[in-house]
Each structure stands twice: as C-alpha cells, then as structure tokens.
Amino acid sequence: MLAANDPRAAYRQSNFDARVNGGTPQDIVVYCLDELSLTLGQLRQADMRGNRAGRSDAITRGIAILTALEMGVDRETELAASLLHFYEGSRRLLLSSVATTQVEAIEALRSDVIEIRDALALARTLPN
C-alpha cells in the first residue's frame, strides 16, 4: 500500500526495518549517521535546483535524525559531551540554513558525518 503511494517512503521504511531489526545500538547509530549524510546531500541538491520544498524536507529530516542521535547518547560516557556539542552545532547549522543554505558549512558537516560513520562502522568489525 505504501509503495503505491510513495515508493521512496516504502524503500526508506524497508531499509530501516532491515537495518534496525536485530541491530545493536551501535548499528542504529551508524544507520542514523548514514541517513544524515544522505539527507545533507539531498539538502545540497535541492538547494542547487532551487527546490524550496526539497530543502525544507531535508532540513526537517536532518533535525529529526539529529534529535534521535542526541536522545541516544549515553550521558555517562566520556564522549557524551563532545557528541552532544556536535549534534547541537549541527542542528543550529541546519536551522540557520532555512533562509539560505550555508553550502560550504553543510558540505563540511556532511564530510564530518561520513568520517564519524565510517569510524564507527570500522570499530564494529574490530575484535573486542
């Protein structure tokens, strides 16, 4: 039913289900960071095309992903403060891009998100 109405939403939901069901908390963080990097890319593309609705959707989705990541931070770990600072700064950047996309800053953020995602994905594969 969902696929008939919005194929992208159906794909996104099936991708989410496949990656999250049975995944560890670290798997879910990697998934969220992957989605955030894709969303930042979509923001850039929408901005280049002058697609205001696409920009708005990407900003909204990015903020939702950042909120989920922030809610999942274990405040007892030594990295908690750094992660929370990074997520808050990222959220502020997205919010400040509502009127005008800060292209260079968004591209730098996307690069940082990909680097963090890749490091976490690699850490998952290393023996304890």
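Let me start with Thr24, which sits in the loop between α2 (7-20) and α3, where helices (H or I, at least four residues) and strands (E, at least two) are DSSP runs numbered from the N terminus. At 38% relative accessibility Thr24 counts as partly exposed, a label that covers the range between buried, under 20% relative accessible area, and exposed, over 50%, with a 1.4 Å probe and protein chains only. Thr24 and Arg124 are 100 residues apart in sequence, and yet their C-alpha atoms are 9.8 Å apart in space.

Before I go on, a word on what we are looking at. This is a predicted model, in which local features need pLDDT of at least 70 and side-chain atom pairs count only at pLDDT 80 or more, while totals for chains, interfaces and linings use all residues. Residues are numbered from 1 along each chain as its sequence is written, and side-chain values use heavy atoms, with hydrogens and water left out.

Now the overall picture. The chain has 6 helices and 0 strands, so that is simply α-α-α-α-α-α when read along the sequence. Of the 128 residues in the chain, 31% are buried. If we take the contacts with a separation of 6 or more, 59% of them join residues 24 or more positions apart, a contact being heavy atoms within 4.5 Å. The chain exposes about 8,200 Å², and carbon and sulfur atoms supply 56% of that area; the areas come from the Shrake-Rupley method with a 1.4 Å probe, and for residues only the protein chains shown count as cover.

Leu94, leaving aside residues up to four places away in sequence, touches Leu40, Leu43, Ile59, Gly62, Ile63, Leu66 and Ile106. Val113 belongs to helix α6 and is buried, with a relative accessible area of 0%. With the same exclusion of residues up to four places away, Val113 touches Leu33, Leu36, Ser37, Leu40 and Phe86. Between Val113 and Leu36 the C-alpha to C-alpha distance is 7.4 Å, although they are 77 residues apart in sequence.

I will begin with α3 and α6, which pack at an angle of about 160° with their axes 9 Å apart. That makes α3 roughly antiparallel to α6, on a scale where angles under 35 degrees count as roughly parallel, over 145 as roughly antiparallel, 65 to 115 as roughly perpendicular and the rest as oblique. The crossing in which α3 passes α6 is left-handed, a term for the near helix being turned anticlockwise from the far one by less than a right angle, with right-handed used if the turn is clockwise.

For α3 and α4, the axes come within 9 Å and cross at roughly 160°, and these two helices are therefore roughly antiparallel to each other. Their crossing is left-handed. On the α3 side the residues that meet α4 include Val29, Leu36, Leu43 and Asp47, while their counterparts in α4 include Gly54, Ile59, Gly62 and Leu69.

Moving along to α4 and α5, the angle is about 165° and the axes are 10 Å apart, and the pair is therefore roughly antiparallel. Here again α4 passes α5 in a left-handed crossing. Ile59, Gly62, Ile63, Leu66, Thr67, Leu69 and Glu70 in α4 meet Leu84, Tyr87, Ser90, Arg91, Leu94 and Leu95 in α5.

I will finish with two glutamates of helix α6. Glu107 has its place in α6 and is partly exposed, with a relative accessible area of 40%; its C-alpha atom and that of Gly41, 66 residues apart along the chain, are separated by 8.0 Å. Glu115 also lies in α6, and Glu115 is exposed, with a relative accessible area of 56%.

Conventions:
Axes are lines fitted to C-alpha atoms, for helices over the stretch in contact, and angles run from 0 to 180 degrees between N-to-C directions.
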